[in-house]
Amino acid sequence: MSGKRTNPSQTARFAQERLFLRFTLRQRWEHAILLLSGLVLLLTGLPQKYREFSLSQDLLSTPDRVNLIRQIHHIAAIILALEVVYHIVRIIVLLVRRKLPGDLLPTWQDVRDAGQMLRYLLFLRKDKPKFGRYNFEQKVTYWFVFFSIAIMGISGFIIWFPVQFTQFLPGGVVPASKLAHSTESMVLAIFIIIWHVYHVHIERMNLSMFTGRVSEDEMREFHAKEYDRLVAGETSSSAQTGEEK
Amino acid sequence: MKRLRTVLFVTGLVICIVSFGFAFSEASAGPGQRVEAAVQSFAPSQVEDSVCLACHNKDGFSVKLDSGETLSLTINTDAYKQSTHGSNDVTCVTCHSDIDGFPHPKRTTETLRDVKLKYYTSCQQCHAKQFTQTLDSVHQKSLAAGNKNAAVCADCHNPHTQKKIIDDLGTLLPYARLQIPETCAKCHSAIYYTYKESVHGKALTEGNPDVPTCIDCHGVHNIQDPTTATFRNSTPYLCAKCHTNDALMYKYGLSTQVLNTYVADFHGTTVVLFDKTFPDQPTNKPVCTDCHGFHDVARVDDPKKGLSVRENLLARCQKCHPDATANFPDSWLSHYIPSPDKYPMVYYINLFYKFFIPAVLIPMLILVVMDFGRMMINRFRKPKPVEVKKHPVKTKKSKPADEESRHD
């Protein structure tokens, strides 16, 4: 999720433990909508893709049930599409206001980080590389999901409205979209399971996307560069850090 | 003396009576009465055909029914002898078991049709299997509903002339296959003329027994109602019986991928699923016959009806997708398996994912597994920082050092 960089003034500080705001409420809502609509899309899409399973056949055994499953899929698709539109409009608005942080844009540093991470995993290095606000793993997650949704969104609307789209596109895009839609969905599902679920649940329980906050320890360990930058900013302009929440 | 005379008289009387009795009995046995006696005393099937044919081989032998119709009673002896019944010594009275003597019992049937309907049940005594099958047929249901014109056995198989149509293994002889449409045409003549112009019908007319006749799709004796949803949903498998047969299709250069490509595409996937779950439910998805036609099925390159002609295909699409435009028919893969020539977009997307999935997801999985491994190893190496903890520094700033040492 791209969005506002955590502002030192927004940093929450409590008596004992200092918390850093990582995701704004808007971003958390966006993630929740993405998660829920994506889950509904997956659950209603799977039986349509894998019809040879008896469970799918039970769910799709009559025209009414097929229509119901499709309607649920379409409603979830519209919700997700609206969320994507909101997300893109928000990026454009921030871009126009020159407030888009750009933390999520891939850089050469990410490639170097990935190389160092690989060395660390191969025991060629003692420490994990120090990351900024978003490490390369998180950037990969964002962009993988971003492009998967783009592929599935476009192809999904093409197979939803084939007659309308073939008025200006060649007919071959319809079966191509069907293939891309169903294959990409599986790619994304597998990606989420092995990559995202591992990094936010197994590697460490990272609920910042729901709570919005990370502890100081976590900041230091996983986002050292960001932490250093924030602390440096804090001390250099200590007069402004008076606002504490 | 008197006693002797009495004995002689009685003896003579007895001899006279007995001999008279013999003489009388012999004299009374005239030729006509002998037949009648035989008919009455033996089982009907043992009446020889010659007995019946003595009268029934006469030309123009007929009777007028109550309805005013004329029932011909003439049997062509030669045709009967050549028929499968005649050559297998099936006698007249095997079927006409109600005729138990001469003069024949009076008919109660009024019309010609009633005569036929009266007799068709007699087929079951030899053809029990086929007869039982007909009981399940659409003809029999129609008959039960009061349609006296519904076909019974003898409408298709004239029992007096029917030749042998199956070989010893029970398969239909080629000559018999060629005759089937004409048999059905006795009633279904409009369909017959449509069929005759179809790709199947034309080939059959030319003497090619490879093509389907009426019975290959509709069945023989247990003919089902083809207007039901069940019949419609099963159509893909019906056509596939021949159209997935490699040897047969190879002869005509036809693809055997028509079923699996249909099942894999938009329409077929639903139809086949419905056929598997509740086969009697109607669906708006097309089956083979909705695009290709059935009795009028044409070659795909037929200029008027063939679906490889774009306009024809578009017209078919528009039946269900009324707003479809010229590009739309390509949405349907036309039973092709995508290749660089046919539907290259689909082919290359498929190829892309074939490489993309293993090339991206497998390395990701490996990284995750390695990450997990390193994390576990770090945990087992934990004892090291114990020394650090001997001089615990409670302030928070010391914590990063603590954390980092964990990775050593």
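This section describes the two chains of a predicted model, first each chain separately and then the contact between them.

Chain A contains ten helices and two strands. Along the sequence these elements follow the order β-α-α-α-α-α-α-α-α-β-α-α. Chain A has 245 residues, of which 27% count as buried. Among its contacts between residues at least 6 apart in sequence, 67% join residues that are at least 24 apart.

Seven residues of domain 1 of chain A are in contact with seven residues of domain 2 of chain A. On the domain 1 side, helices α1 (25-49) and α3 of chain A each supply at least two of the residues that touch domain 2. Helix α3(A) gives the most to this side, with four residues. By class, the domain 1 side consists of four nonpolar residues, two polar residues and one charged residue.

Helix α3 of chain A, residues 63-96, also packs with helix α5 of chain A, residues 136-160. In general, a pair of packed helices is described by the angle between the axes and the distance between them. For α3(A) and α5(A), the axes come within 11 Å and cross at roughly 135°. An angle of this kind falls between the 115 degrees that ends the roughly perpendicular range and the 145 degrees above which helices count as roughly antiparallel, and α3(A) and α5(A) are therefore oblique to each other. The crossing of α3(A) and α5(A) is left-handed. From α3(A), the residues that take part are His74(A), Ala77(A), Ala81(A) and Val84(A). They meet Ile149(A), Gly153(A), Gly156(A) and Trp160(A) of α5(A). Five residues of this contact are nonpolar and three are polar, while none is charged.

Helix α4 of chain A spans residues 108-121 and includes Leu118(A). Around Leu118(A), 13 other C-beta atoms lie within 10 Å. A residue counts as buried at 20 or more such atoms and as exposed at 12 or fewer, so Leu118(A) is partly exposed. Leu118(A) and Lys178(A) are 60 residues apart in sequence, and their C-alpha atoms are 37 Å apart in space.

Chain B has 24 helices and two strands. It comprises 408 residues, and 16% of them count as buried. Of the contacts in chain B with a separation of 6 or more, 52% are between residues 24 or more positions apart.

Three domains are assigned in chain B: domain 1 (40-163), domain 2 (165-223) and domain 3 (224-337). Between domain 1 of chain B and domain 2 of chain B, the C-alpha centres lie 25 Å apart. Their contact takes eleven residues from domain 1 and seven residues from domain 2. Helices α8 (128-135), α9 (138-144) and α10 (153-156) of chain B each supply at least two residues of the domain 1 side. The largest share of that side, three residues, comes from α8(B). The residues on the domain 1 side divide into three nonpolar, five polar and three charged.

A further helix pair is found in chain B, where helix α11 (residues 174-185) packs with helix α12 (residues 189-197). Their axes are 7 Å apart, and the angle is about 145°. Pro181(B), Cys184(B) and Ala185(B) represent α11(B) in this contact, and Ser189(B), Tyr192(B) and Tyr195(B) represent α12(B). Five of these residues are nonpolar and one is polar, with no charged residue.

The contact between the two chains takes 36 residues from chain A and 40 residues from chain B. On the side of chain B, helices α19 (266-277), α22 (344-380) and α24 (399-405) each supply at least two residues. Helix α22(B) provides the largest share of this side, 15 residues. The class composition of the chain B side is 20 nonpolar, eleven polar and nine charged residues.

Technical notes
Residues numbered from 1 in each chain as written. Chains lettered and ligands numbered in written order. Predicted model: local features only at pLDDT ≥ 70, side-chain atom pairs only at ≥ 80, totals over all residues. Axes fitted to C-alpha atoms, helices over the stretch in contact; angles between N-to-C directions. Parallel < 35°, antiparallel > 145°, perpendicular 65-115°, else oblique. Left-handed = near helix turned anticlockwise from the far one by under 90°. Nonpolar A, V, L, I, M, F, W, Y, C, P; charged D, E, K, R; others polar. Domains from an automatic or database assignment.
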